[in-house]
Amino acid sequence: MAKKIAPYDALLVCSFGGPNHPDDVLPFLQNVTRGKNIPTERLAEVGEHYYGFGGKSPINEQNLELVAALQRELAARGYDLPVIWGNRNWHPYTVDTLRDAAAFGAKRVLTLITSAYNSYSGSRQYREHLAAAREELGAAAPQLDVLRAYFNDPGFVRANFLNIAAALDSLPEAAAATTHIAYVTHSIPDTMQLASAVTGPGYREQHEDVRAVIDDMLAEKYGVKFASSLSYCSRSGDPRTPWLEPDINDRLADLAAAGVRQVVIAPIGFVSDHMEVAYDLDEEALETAAEHGMAAARAATVGVHPVFISALVDMVLERAARENGETVAAPTVGALPAFGDTEPAGSCRMRFNEVTGIPVLAGEAD
């Protein structure tokens, strides 16, 4: 008989969401930008990215694959834990998924956020979203816990390393002297970066730690040290507002001018190939590399890599054990410590020292 993972009745995969059809694109973007006074003309411009992919985002199918992969791994280990899926910005909405889960008797749900790093947009905004879902459901709402940040979990880092190594092996030259590893993540405003570092290592520092670990792993595998750097993509909003730089396209131009002939574009900031990867990297960045005469390979995101899926299930079991009173260490790689099961007060606000009054998930940041 399959084993239960007490105290949890389900594992919720909570993601950003994306359109499934051209008619979904504008309403989806309006959901994402609600309250930000973004002109309709600008939304239409962003929408063109989605229309180029048939009006749908790849994130939804990849979330379904993630749910199925987690369910298979749990079953293979002999565990019975339903895996459910809800989104912040499009169907299936988290509140609807939790309503259904509660109707089937779920009292306590562990949540996996599809963002490995801590920042406002990658962690606190999801906790605000989860708090709002519980408030809407009222007394019927299940208790929600959130799986800790996993950017420095050994499985997440190793899956990225294996994908980067595969991309390296696909390039025509073997010489490290002419090859650069261009790590990439989603840019955020400078003020959000400052806020992310108030109670612990900041968003940029988390990525730099992962970069350093993978650089060492690559050096051990290939016997040479590859040059590398961290770049950003997908900045938006008022162009007068400072965001983390450099943009990946500017980085590629600079690398070409410095004599780099090959580049691996490594999207370590993303769990799956959603629009920021499919458009900003697979189209724009690869086109920039080609324009500058560089051979380029885009490493896969961790997606449903078996090493990553196994690590996520390990983390679920680790968290359940701690909730049951066991002392279980959180394994990490790199120089930074494991983040806690709950966030300290004031963590990951949108801006440094900003207090909005927006409720966050109970037991998390104020």
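In which strand is S229 found? In this predicted model, where local features need pLDDT of at least 70 and side-chain atom pairs count only at pLDDT 80 or more, totals for chains, interfaces and linings use all residues. Residues are numbered from 1 along each chain as its sequence is written, and side-chain values use heavy atoms, with hydrogens and water left out.

S229 lies in strand 6, residues 227-233; strands (E, at least two residues) and helices (H or I, at least four) are DSSP runs numbered from the N terminus. With a relative accessible area of 7%, S229 is buried, a term that stands for under 20%, while exposed stands for over 50% and partly exposed for values in between (1.4 Å probe, protein chains only). Apart from neighbours within four places in sequence, S229 is in contact with H180, I181, A182, Y183, R211 and R251, where contact means heavy atoms within 4.5 Å.

The loop between helix 4 (94-103) and strand 3 (108-113) holds K107, which is exposed at a relative accessible area of 64%. Once neighbours within four places in sequence are left aside, the contacts of K107 are D9, P142 and Q143. Between K107 and L11 there are 96 residues of separation in sequence and 12 Å in space, C-alpha to C-alpha.

On the scale of the whole protein, the domain assignment gives domain 1 (10-150 + 304-324) and domain 2 (154-298), with bounds that come from an automatic or database assignment. Taken over C-alpha atoms, the centres of domain 1 and domain 2 are 25 Å apart. Contacts link 21 residues of domain 1 with 23 residues of domain 2.

The two domains bury about 2,000 Å² between them, 72% of it on carbon and sulfur atoms; buried area is the accessible area (1.4 Å probe) lost by two parts on being put together, summed over both. H49, F53 and Y117 supply 31% of the area that domain 1 buries against domain 2, more than any other three residues.

Zero salt bridges are counted between domain 1 and domain 2, a salt bridge being a side-chain nitrogen of Lys or Arg within 4 Å of a carboxyl oxygen of Asp or Glu. At least two residues each of the side of domain 1 that touches domain 2 come from helix 2 (40-51), helix 3 (59-76), helix 5 (120-137) and helix 12 (306-323). Helix 12 gives the largest share of that side, three residues.
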